[in-house]
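Trainee: Please take a close look at a single residue in this structure and at what surrounds it.

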Amino acid sequence: MERAARLRTALIPLDEVRAEWEKSSGPFHKQRVAEHCAVFRDLFRGATFTPWVTLRVEYSQEDEHVVPVYYGNMVTPSEASSPPAVSYEADKGSLWTLLLTNPDRVTNIPGNDMQSGKEICHYLPPFPAMGTGYHRFIFLLFKQDRRIDSSEDVRPTLCHRLKLRTLSSFDLYRKHEDAMTPAGLAFQQCQWDSCVSWVSHQLLSEKWPVRGAGGAVTQPWGEAQGR
């Protein structure tokens, strides 16, 4: 091994190294990164957890490559324009809840079969306003002890009214904390790009504010397209 290192021919099995990291110090590293980025402060009012379950989130792109979500990496709104593929290891017969703020929720997921879960609020691409810097979009995975009744929280199948989509992650967890435990975490950061103008105009049917030196001003659709 020493000779191979000197000759620069040593091969490091990265998949094995990552798998070992995920089982040992990885969850604690993720927790510290989330604390540094104020994830727990803003979602759970300071309460924290160690994400022992590895949550894999990937956005597929038209050129067949994928954009992964790790722990604070940059993902543009254009790259996140379609719902991502989410996977994790789960025992047969287990139940899970996946939450995405800003916001998207699926509950009563049997094992890791996302398609069979109960969708509370459908996916909406990130739409950070121009001039407001980086925004965090956080995937949270909860392990359920039993099925939960989420009928009061279900939104319409196509819900593009922001006021109606607004759900408190903290309140949702407090409501069901006897039945579910935080287990997995991944989050991305993104800022405005041209895709946000499309989401604002086509999906939300709104003019979108732009933050400037003089405060928030309305950004007409045509002007946003031309930037």
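Mentor: Leu185 is buried, with a relative accessible area of 1%, where buried means under 20% relative accessible area, exposed over 50% and partly exposed in between, with a 1.4 Å probe and protein chains only. This is a predicted model, in which local features need pLDDT of at least 70 and side-chain atom pairs count only at pLDDT 80 or more, while totals for chains, interfaces and linings use all residues. Residues are numbered from 1 along each chain as its sequence is written, and side-chain values use heavy atoms, with hydrogens and water left out.

Leu185 sits in strand 9, residues 180-190; strands (E, at least two residues) and helices (H or I, at least four) are DSSP runs numbered from the N terminus. Apart from neighbours within four places in sequence, Leu185 is in contact (heavy atoms within 4.5 Å) with residues including Lys30, Ala34, Phe49, Tyr71 and Ile138. Lys30 is 155 residues from Leu185 in sequence, yet their C-alpha atoms are 7.9 Å apart.

Leu185 also belongs to the largest nonpolar core, of 41 residues, and is among those that touch the most other members, as are Phe44, Leu55 and Leu140. Such a core is a set of buried Ala, Val, Leu, Ile, Met, Phe, Trp, Tyr and Cys residues joined through side-chain atoms within 4.5 Å. Elements giving two or more residues to this core include helix 4 (39-44), strand 8 (135-144), helix 6 (169-176) and strand 9. Leu55 in turn contacts Leu185 and its sequence neighbours Gly184 and Ala186, and among others Tyr88 and Phe139. A second, separate core has six residues, including Phe127 and Cys195.
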